[in-house]
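Look over the chain, then read on.

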Amino acid sequence: MACELPATLGVPLSRLSVADVTRHAQRSGLVARISDSTVWRWLHEDAIRPWQHRCWIFPRDPNFQAKAGRILDL
């Protein structure tokens, strides 16, 4: 859940926060109650850090090279 795209969770931000993951876990019925610090601790212990994910490093657009080439040629 922590590594899903924010849009699939209904979060308009480009990155998920620990509070977003906590709210989603409670709304989905995964847990009745949980604190942000517990979620953070679990993610930290498992080395899952969605707030450090950089999707821009691996472009997904099939036309990325053509689009970026115009800018990089400047």
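**Fold, confidence and contacts**

Of the 74 residues of the protein chain, 22% count as buried, where buried means under 20% relative accessible area, exposed over 50% and partly exposed in between (1.4 Å probe, protein chains only). This is a predicted model: local features need pLDDT of at least 70, side-chain atom pairs count only at pLDDT 80 or more, and totals for chains, interfaces and linings use all residues. Residues are numbered from 1 along each chain as its sequence is written, and side-chain values use heavy atoms, leaving out hydrogens and water.

Q: Which element of the protein chain has the highest mean pLDDT?
A: pLDDT is the predictor's confidence in each residue, from 0 to 100. Helix H3 (residues 64-72) has the lowest mean, 81. The highest, 88, belongs to H2.

Q: Are H1 and H2 roughly parallel or roughly perpendicular to each other?
A: The axes, lines fitted to C-alpha atoms over the stretch in contact, cross at roughly 105 degrees. Angles run from 0 to 180 degrees between N-to-C directions. Under 35 degrees counts as roughly parallel, over 145 as roughly antiparallel, 65 to 115 as roughly perpendicular and the rest as oblique. H1 and H2 are therefore roughly perpendicular.

Q: Which residues of H2 make the contact with H1?
A: Contact means heavy atoms within 4.5 Å. H1 supplies Val18, Ala19, Val21 and Thr22. From H2 come Asp36, Val39 and Trp40.

Q: Which residue's backbone oxygen does the side chain of Ser28 reach?
A: Ser28 is found in the loop between H1 and H2. Its relative accessible area is 46%, so Ser28 is partly exposed. At 3.2 Å, its side chain reaches the backbone oxygen of Ala25.

How values were computed:
Helix = DSSP H or I, 4+ residues; strand = E, 2+ residues; numbered from the N terminus. Polar contact = N/O pair within 3.5 Å; in protein donor to acceptor, adjacent residues only side chain to side chain.
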